[in-house]
Amino acid sequence: MPRKRILVLGGTRDARQLADALVAEGHDVVTSLAGVTAEPVLPAGEVRIGGFGGVAGLKSYLADGQIGLVIDATHPFAARMSVQAHEACQSSHVPLLRLERPAWVAGDGDKWVEVRSTAEAAAMLPPGASVLLTTGRKDLEAFFSRSDISGIARMIEEPPLAAPARWRVLRERPPFTLASEARLLADNGITHLVTKNAGGTATGAKLVAARQAAIAVIMIARPAKPAAPSFAAIGNLMVVTKRLLSP
Ligand code: NAP
């Protein structure tokens, strides 16, 4: 009897939509969340929450859970989970697919500078910069420790360290509209937008707003992930999933 259960590595809106679509097609799906969001919007199917305990823990989970396919639908910047999933799947002989939205690409009128890390982004900001920081709750220290810049740090969850007085933490959950992003930039005199290249539409409006207001964007490039068959669209991934799991 072939193993048919699908493990979706989640934590993204795309992963949720994927799990919903797989369950609607009759697949047996368990979505895994890291447990960083206090009140996550849950997908259809089963949900498990918390780390697996590294590669060894994930290998045990694959075996115990009779997992027949892993779909890595984590955020493009969740590189550690993707590396561990790749290693565990390879050694457990479980197929691995990836759902990954395309990266954003600069267009006409964009003033982007691409960097490799949050540290590089923080170092690049000129003194006096008024920043909209949308890199999440990790790696805030590099920005908060600079006494010569200020701004707004937007994230879903409470930051792990207190923001200095010159920073305002804005706790908001995407999606964001172009109108609200344009207002946020204008009302706060933002001169620089710092963002990870997450891709997708839910958080893409800020880039259009920055272009329209001629605001400089410091774009943090995606980390490399191990090779795996990757799909930008849920539809194509569903077709391959069906083929892989058919007896
Ligand atoms: P990460 O650095 O790649 O992973 C750190 C550890 O968290 C992993 O070693 C693993 O613990 C655990 N983990 C990560 N994703 C998991 C999942 N889907 N299910 C179970 N355990 C998971 O990940 P991260 O960047 O902290 O992201 C954590 C979660 O937030 C991910 O689900 C990701 O999709 C989501 N997210 C991340 C970002 C971002 O910018 N990084 C943005 C939006 C959403 P063990 O080693 O114990 O297994």
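Modeller: Helices (H or I, at least four residues) and strands (E, at least two) are DSSP runs, numbered from the N terminus. The model is predicted: local features need pLDDT of at least 70, side-chain atom pairs count only at pLDDT 80 or more, and totals for chains, interfaces and linings use all residues. Residues are numbered from 1 along each chain as its sequence is written, and side-chain values use heavy atoms, with hydrogens and water left out.

Colleague: Which residues of helix 7 are buried?

Modeller: Buried means under 20% relative accessible area, exposed over 50%, partly exposed in between (1.4 Å probe, protein chains only). In helix 7 (residues 205–212), the buried residues are Ala 205, Lys 206, Leu 207, Ala 209 and Ala 210. After the helix comes Ala 214, with a positive phi near 55 degrees.

Colleague: Is Asp 110 buried or exposed?

Modeller: Asp 110 counts as buried because its relative accessible area is 15%. Asp 110 sits in the loop between strand 5 (96–99) and strand 6 (112–115). Leaving aside residues up to four places away in sequence, Asp 110 touches Val 105, Leu 207 and Arg 211; contact means heavy atoms within 4.5 Å. The side chains of Asp 110 and Arg 211 are joined by a polar contact of 2.9 Å.

Colleague: Where does Ser 145 lie?

Modeller: Ser 145 is in the loop between helix 5 (141–144) and strand 8 (150–155). Its relative accessibility is 48%, so Ser 145 counts as partly exposed.

Terms used:
Polar contact = N/O pair within 3.5 Å; in protein donor to acceptor, adjacent residues only side chain to side chain.
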